[in-house]
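Subject: Structure handover, with notes on side-chain contacts

Dear colleague,

I would be glad if you read them with the coordinates open.

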Amino acid sequence: MNVTSRLMARRTMALLPQWSSRIFSVDLDGAPLYFAIQEKHQGTEVPHVFRRVQQYDRCYSLLVCSSDRVRKAKFYWELKDRLLRDLPRECNLSPMSSFLPNVKDSLIKGYVLKDSSKSSSRTEGLLRHLIQHDPVLVCSYLRGEDGRPWTQHLWSHAEGSTMETSNNYYVVPSEAPEYHPSTLNIINSDVFYSFREAYEVLKKCGDIIPEATSVLELLSSRLEARRKPDFPVIVIEGLDATGKTTLTESLRDTLGATLLRSPPQCLSPWRARFDQEPPLIRRAFYALGNYITAEQIGQEATKTPVIIDRFWHSTAAYAIATAVSGSVHNLPEEGSEVYRWPSDLFQPSLVVVLNLDPEERKRRLMDRGQGKTEEEQELDQNQLFRLRVEEAYRRISGPACVTVDASPSADQVLQQVLLLIRGKCHL
Ligand SMILES: Nc1ncnc2c1ncn2[C@@H]1O[C@H](COP(=O)(O)OP(=O)(O)OP(=O)(O)O)[C@@H](O)[C@H]1O
Ligand SMILES: Nc1ccn([C@H]2C[C@H](O)[C@@H](COP(=O)(O)O)O2)c(=O)n1
């Protein structure tokens, strides 16, 4: 490799720190398959993932690398649609990531691209364009000949030219890491543990999402000193159609309470807009919604008991369950810091989670016959996602939730929750 290409390769690799200590994970049919790279040719074992892609003529990886996390999140979010639109039909994409085993915040996301189109020119033209203009690291993979293993070639770009590095990295099998890679970046990317962290994300979005500025304007007067509320504050949680609206309205009427929601009414004009954004931005929006609701709690709980329809448990449980794929075993383990309550967020007196058999929930959804959000459809169709949300609810602590069976009649559920409130909150 000449000096220029070595420099180009070094500059490119600086985007992906500790390149040769990284593990690569490819999600084929929902299950991660792992491989690593090494500089020396040792052994000939082909990682499982490459045995699965042999039928394709060409194989590439794209990893989205940028120190600007808003740009990175936006670009990754839009990349799949762009690739599916512009690549030849014979190309196939699978989610991929690279990470340092068990090192927090080391996860970098991307795709593996398998190509069996007649010519490489369209695909490679697109990849060249991407590395020139976007925060993407591209590698190509070559099948070894004469019993030699597959090799990974890093593409570099500088001063108008693109090249593949000629010093090979050999692709070798790797063990599954102790922690599922998608758990590594949850803190402050999917779940925010302070007002400041969530606020900073929306502040950075101001120039690309004008609505973020409107949301921030609502927050300017917040974070006043909190005092202990005079009346109990009770949160009702649960998946959609488990009966939260029905129960919270009955509790309001029975207890003469104030009913609040998170996200609060004042954020309604922007909710649909933020629901289209990548998790980093969308979850920051919901996190800030909890702080606005907390402020309203502070005002109302001096006068009456307060009932809240969804709060922090929803924000964290849905975010964690979306960030992690596969079975509940992939979730961060019970007791992980991922499930801790933000230290600057108001803690309610009691959190009740309504639990309902999936078939009965589906029946209630059908009877109600309203439109569903994408996440609600996902809950409906994807059993594993529903199980992850339910388990994440259960693992959140400080305060932990109390689970109530929501399958009896509305009045029986109300009586059950009133008993809990009277026991815990001395009402
Ligand atoms: N205990 C119950 N038994 C039978 N049906 C119920 C019960 N509680 C609520 N329902 C009915 O189930 C449907 C969903 O209830 P509701 O709207 O209260 O749920 P939700 O949790 O607030 O839903 P979402 O989160 O989607 O707003 C409604 O049609 C409601 O009348
Ligand atoms: N405090 C909240 C409330 C809601 N969310 C998110 C989680 C789901 O994506 C969706 C469910 O809300 P619904 O459709 O029942 O209004 O909203 C959140 O993150 N935090």
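A residue is called buried here if its relative accessible area is under 20%, and exposed if that value is over 50%, with partly exposed in between. Please keep in mind that this is a predicted model.

By that cut-off F35, at 1% relative accessibility, counts as buried, and Y141, with a relative accessible area of 3%, is buried as well. The ring centres of F35 and Y141 lie 6.0 Å apart with the planes at 90°, so the pair is edge-to-face.

F311 lies in the loop between β12 (306–309) and α10 (312–323), and W341 in the loop between α10 and β13 (350–355), so the pair ties together parts that are 30 residues apart in sequence. F311 and W341 are both buried.

Two arginines lie over the faces of tyrosine rings: R340 over Y193, at 4.3 Å from the ring centre, and R196 over Y199, at 5.1 Å.

Turning to the salt bridges, the count comes to 25. In one of them R58 pairs with D115, the closest N and O atoms being 3.4 Å apart, and this pair links distant parts of the chain, with R58 in strand β3 (residues 58–64) and D115 in strand β5 (residues 108–115), 57 residues apart. R58 counts as buried at 18% relative accessibility, and D115 counts as buried at 0%.

Helix α11 (residues 358–368) holds R364 and E360, which are four residues apart and therefore separated by about one helical turn; they form a salt bridge with the closest N and O atoms 2.9 Å apart. R364 counts as partly exposed at 21%, whereas E360, at 18%, counts as buried. R363 and D367 are likewise four residues apart in helix α11, and their salt bridge has its closest N and O atoms 2.9 Å apart. Here R363 is partly exposed at 43%, while D367 is exposed at 57%. Elsewhere, salt bridges that share partners join K74, E78, E211, R273 and E277 into one network.

Terms used
Residues numbered from 1 in each chain as written. Chains lettered and ligands numbered in written order. Predicted model: local features only at pLDDT ≥ 70, side-chain atom pairs only at ≥ 80, totals over all residues. Heavy atoms only, no water. Salt bridge = Lys/Arg side-chain N within 4 Å of Asp/Glu carboxyl O. Helix = DSSP H or I, 4+ residues; strand = E, 2+ residues; numbered from the N terminus. Buried < 20%, exposed > 50% of the residue type's maximum accessible area, 1.4 Å probe, protein only. Phe/Tyr/Trp six-rings, centres within 6.5 Å; stacked < 30°, edge-to-face > 60°. Lys NZ or Arg CZ within 6 Å of the ring centre and 35° of its normal.
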